[in-house]
Amino acid sequence: RAHVAVTAPDLAPIAAGSGWNGALAMTLDGSYGGDAAQLTAQGTLNPTAGPDPARALLGDAASFRVAGSLRGQTITLSDVAVTGKHVTATATGSLAPALIALKATAAIDDLAAARPDLAGALQVKASLDGPPDGLTAHADLTGSVATAGVQSGPLQAHLDASGLPSLPEGTLTASGALLGTPLSLLISARRNGGTIHTVVEHADWQSTHAEGSVDVDLPNSRADGTLRLSVGKLDDFSPLAGQRLTGDASMTLTLAGPRAQLAMAVHNGGLPGTATISRAALDLALDHLPDQPTIDATLTVDGCNAGGVAGAASLRATGGLNGLALNLSGSIPRLAGAPLALSGTAALDATAGRLTLRTLEAGWRRKTLRLLAPAQISIKGGLAVDRLRLGLDRSVLDVAGRITPALGVTASLQAL
């Protein structure tokens with residue numbers, strides 16, 4: 001038998017970069033008898049800092065316990081539990097090379113702890129059973145989701161799936177009320193040989209509607225079909241976003257083997273008091289999927305108004321992931337009494353995380369700011385600039401160095 005006590009009064013060095021801090025106290029007990037090894041780990045976590053909503057759900061003191069055994073190649077979980085201020089989770093079951101049998105539960109007793117503008121509670125029960133190449137999954141979600149001060153009816157969702165992970169089929173249903181209004185969802189997937197036929201039978205909530213079907217040919221890595229989504233009032237999602245939204249939106253995704261097309265549009269959208277747009281549209285075409293994808297995309301924004309300044313912009317992107325050509329143009333008809341025009345070109349190597357800024361020009365009040373030579377911008381592991389040279393009249397600004405995650409930039413301004 002073995003007993004070990006572990007204390008960590010300061011988690012910051014252990015969880016560096018995660019945002020977590022606090023104290024941990026834990027005991028480990030182990031024994032071996034017959035042909036099985038027994039292990040129990042339990043303790044408390046007292047977080048003083050951490051990313052929300054996890055920090056808020058756990059509270060100032062959370063307990064955990066993991067008890068199980070190892071017999072041959074079979075792991076048995078007899079008791080796994082996490083208990084926080086507003087969240088609990090449990091799991092039991094076994095994992096063996098030929099068979100998996102797991103059950104789990106999770107519950108949030110007060111959604112306001114995670115999002116103060118929401119109210120309600122959620123509970124999930126799930127199970128996973130069968131051989132590793134033919135698992136069956138079941139999950140049930142119950143509860144209610146409402147905005148603070150607004151009553152909402154019960155919400156239910158149910159998932160039945162089999163043939164996981166390689167040949168899945170099943171159904172996902174949801175019904176009840178979300179934020180006080182009816183929700184109806186039915187998605188089914190059926191297997192026919194090596195093809196999985198997935199249908200969004202119906203998905204409706206307030207002004208949101210989705211429909212479509214997709215056939216996935218697994219042996220040939222091919223997908224064909226169309227999915228459509230429309231939102232008549234983005235304001236329906238304001239309680240979930242935590243701020244007021246305006247406008248309407250639509251999306252269509254078309255899949256045809258190695259090609260995919262996505263069309264998205266927003267009309268009269270915005271965040272009142274911050275920014276609004278009369279129209280934004282994205283047209284994206286992908287080809288040579290999945291091995292060597294190429295992109296042909298156009299993003300346009302018209303009637304943009306932020307802080308009392310109105311303008312328009314467009315961005316075109318063409319090419320492969322290691323050589324994407326970018327073309328940007330924009331205009332502000334009236335900036336401090338005069339029009340501003342902006343244009344630029346660049347090349348993006350997404351694989352290397354490098355952007356080469358080739359041209360940049362901005363004209364305002366008979367003055368023109370120009371990029372004097374191509375500049376390299378690294379976007380891998382942060383943001384860094386290599387020899388950015390900008391000219392305005394007879395003045396030259398040179399900028400080089402790292403901007404993020406740590407600032408280390410040198411800049412010089414000289415008049416020629």
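A contact here means that heavy atoms lie within 4.5 Å of each other. With that in mind, let's walk through this predicted model, starting with the whole chain and then moving to a few individual residues.

Of the contacts in the protein chain with a separation of 6 or more, 30% are between residues 24 or more positions apart. The chain contains two helices and 28 strands. Its radius of gyration is 28 Å, well over the 22 Å that the globule rule gives for 416 residues, so the chain is more spread out than a compact globule. You can look for this in the C-alpha trace, which spans about 85 × 50 × 50 Å along its principal axes. Buried residues account for 25% of the 416 residues. The chain exposes about 23300 Å², and carbon and sulfur atoms supply 61% of that area.

Now turn to the surface. Ile-379, Leu-383, Ile-403, Leu-407 and Val-409 form a nonpolar patch there, with about 420 Å² of accessible area together. One of its members, Ile-403, sits in strand 27, which covers residues 395–404. Ile-403 has a relative accessible area of 34%, so this residue is partly exposed.

Next, find Ala-373 in the loop that links strand 24 (367–371) and strand 25 (375–378). Its relative accessible area of 26% makes Ala-373 partly exposed. Which residues does Ala-373 touch, leaving aside those up to four places away in sequence? They are Leu-357 and Arg-389. Arg-387 is 14 residues from Ala-373 along the chain, and the C-alpha atoms of the two are separated by 8.6 Å.

Arg-389 pairs with Asp-398, their closest N and O atoms being 2.8 Å apart. Are the two partners buried or exposed, or something in between? Arg-389 is partly exposed at 27% relative accessibility, whereas Asp-398, at 19%, counts as buried because the cut-off for buried is under 20%.

Arg-354 and Asp-349 form another salt bridge, with an N to O distance of 3.6 Å. Here Arg-354 is partly exposed at 38% relative accessibility, while Asp-349 is buried at 15%.

A further salt bridge joins the side chains of Arg-222 and Asp-224, at 2.8 Å from N to O. Arg-222 has a relative accessible area of 37% and is partly exposed. Asp-224 is also partly exposed, at 24%.

Notes. Residues are numbered from 1 along each chain as its sequence is written. This is a predicted model: local features need pLDDT of at least 70, side-chain atom pairs count only at pLDDT 80 or more; totals for chains, interfaces and linings use all residues. Side-chain values use heavy atoms; hydrogens and water are left out. Patches are made of residues with over 30% relative accessible area and no salt bridge: like charges are joined within 9 Å, nonpolar side chains (Val, Leu, Ile, Met, Phe, Trp, Tyr) within 5 Å. Accessible areas come from the Shrake-Rupley method with a 1.4 Å probe; for residues, only the protein chains shown count as cover. A salt bridge is a side-chain nitrogen of Lys or Arg within 4 Å of a carboxyl oxygen of Asp or Glu. Helices (H or I, at least four residues) and strands (E, at least two) are DSSP runs, numbered from the N terminus. Buried means under 20% relative accessible area, exposed over 50%, partly exposed in between (1.4 Å probe, protein chains only). The radius of gyration is taken over C-alpha atoms; the globule rule is 2.2 Å times the number of residues to the power 0.38.
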